[in-house]
Amino acid sequence: MFADRVLSGMRPTGSLHLGHYHGVLKNWVKLQQQYECLFFVADWHALTTHYDTPEIIEQNVWDMVIDWLAAGVDPSQATLFIQSKVPAHAELYLLLSMMTPLGWLERVPTYKDQQEKLSEKDLSTYGFLGYPLLQSADILIYRANRVPVGEDQAPHLEFTREISRRFNHIYGKEPGFEEKAEAAIKKLGSKKSKLYNELRNLYQEQGDESALEEARSLLNEQQNLSLGDRERLFGYLEGGGKMILTEPETLLTEASRMPGLDGQKMSKSYNNTISLREDPESIRKKVRTMPTDPARVRRSDPGDPAKCPVWQFHLVYSDDKTREWVQWGCKNAEIGCLDCKAPVIDKILAEQEPMAERIKKYEEDPTLVRNIIADGCEKANKLAEETMRDIREAMGLSYS
Ligand code: TRP
Ligand code: SF4
C-alpha cells in the first residue's frame, strides 16, 4: 500500500567474508539503486544466541558496517542503522507478542533446527523462541514490502506475513468500516471512484491480480487522501478491514554460490574463509594451498574439475574462455594446479582492491562511520514512529 521499500538485517557475529559478499552484499548494492533501502545491524538478534558473550557483538558491530561500506553499500543511497538504537522495534515486538500464538513460534522450523545445531548453548530461552517475532517487528515497523534474504530465512518471512494478517484482522476492524470506505471512494472524484469500483470488482469477482495492482497504483497516486482513508481503501480492495501493516514479500537473492576454500559452505566455523579485508599475501597463500582433485598427485596425473573446489571458484570468477582452458588443461594434465589457481587469485585481488580503497577514509577517521550510523538511526526512528502511531491507536494505546 506504500511505495516499495526494501529492508534487511545482518547479525554482527563475526567478520564478513566472500560468502557474505557474493551471497548478500552484492545484492544489497544492486537493490540500493532500485529501491528505497534500509539495512541494519541486528544486534538484538545476535544476543539471542550470544547473550553470554556480549564482547563479540560489540567488536563486530562497527567492523561489520565498515565491511558493508567496503562492499559498496552507499550511505547516500541506503539508510544504515543499528537495531538497538531504534527502541520502537522492542515496543512493537512486545505489542505483537500479545497476539502471537505460542504454537506459531514453536512450529517455526528454524527454532528446533538451530537449538539442535547449536546444542553447546542453552537456547531454551524466551528470547530465542521469540527470534522470528523480533524479526517480524523489524520488518513490519517500516512497512517494508520487500525483504532480501536467503532460503534459510523463508520461514521467518512466512511467519511475518501471518502475523501481519492476524494483526490487520484483529485491529483493522472499525465500526462503520463499509460506510467509511464508501465515503472515501467518493472523495476520489467521479472518474477515479468509478475506476476504483471497476477494478475492485474485477479483483474480487474474478481474482484479477492485475486489476488489484492497477487499483493500488491508482491509490498510490492520490496525494490528498488522509492516511485513514488510504488504509481503508487499500483494505476495502481486498475485502478486509483497514490494512495497518503490510505483508512483506521475500526477495530471494539470486546468489552466486560461493563455496569455502575446502569446497564446503564458506563459514567461519569451518575455517575456510577469505575475509573482505584480507591481506593480499594471505589471499595468495590461502588459494595456493587450497585442496584440489585428489587424483592429481603429480602434475602429469589428469584430473576432473568437477571434483575440485578450485573449479567452484572459477564458476564464480572466470569467463568462458578461462573455464574451457581449465577443463581442457586439467583433464589432459596440460596445466598444473598452481597455473589453474593463478587467474582466481588475480580476480579475488582485483575484487578487493576497490574495497580497500573505499574504506581507507573510514579506517583513518572512525567518526565518519559513527556519523553515518547516527544519521541512519535518526531516519529509521522517524519512519518507525510513523507506523507506531497507527499501531498504538489501533491497539487502544493513544491516550492524550
Ligand atoms: N534473521 C536474519 C539472519 O539471520 C537477520 C535479520 C534480523 C533480518 N531481522 C531481519 C533479515 C529482518 C531481514 C529482515 O540473516
Ligand atoms: Fe583443480 Fe585446476 Fe588442479 Fe584441475 S587443474 S585439479 S581444476 S586446481
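**Basis.** I worked from a predicted model, in which local features need pLDDT of at least 70, side-chain atom pairs count only at pLDDT 80 or more, and totals for chains, interfaces and linings use all residues. Residues are numbered from 1 along each chain as its sequence is written, chains are lettered from A and ligands numbered from 1 in the order in which they are written, and side-chain values use heavy atoms, with hydrogens and water left out.

**Ligand 2.** I listed the residues around ligand 2 (a heavy atom within 4 Å): Thr292, Asp293, Arg296, Pro305, Cys308, Val310, Val326, Cys330, Cys337 and Cys340. I sorted this shell into seven nonpolar, one polar and two charged residues, counting Ala, Val, Leu, Ile, Met, Phe, Trp, Tyr, Cys and Pro as nonpolar, Asp, Glu, Lys and Arg as charged, and the others, Gly among them, as polar. I noted that α16 (320–331) and α17 (337–364) each supply at least two residues of the shell; helices are DSSP runs (H or I, at least four residues), numbered from the N terminus.

**Helix pairs.** I found that α15 (residues 309–317) packs against α16 at an angle of about 165°, with the axes 9 Å apart; axes are lines fitted to C-alpha atoms over the stretch in contact, and angles run from 0 to 180 degrees between N-to-C directions. That makes α15 roughly antiparallel to α16 (over 145 degrees). For α8 (residues 131–140) and α9 (residues 154–171) I read an angle of about 65° and axes 9 Å apart. Helices α8 and α9 are therefore roughly perpendicular to each other (65 to 115 degrees).

Notes. Angles under 35 degrees count as roughly parallel, over 145 as roughly antiparallel, 65 to 115 as roughly perpendicular and the rest as oblique.
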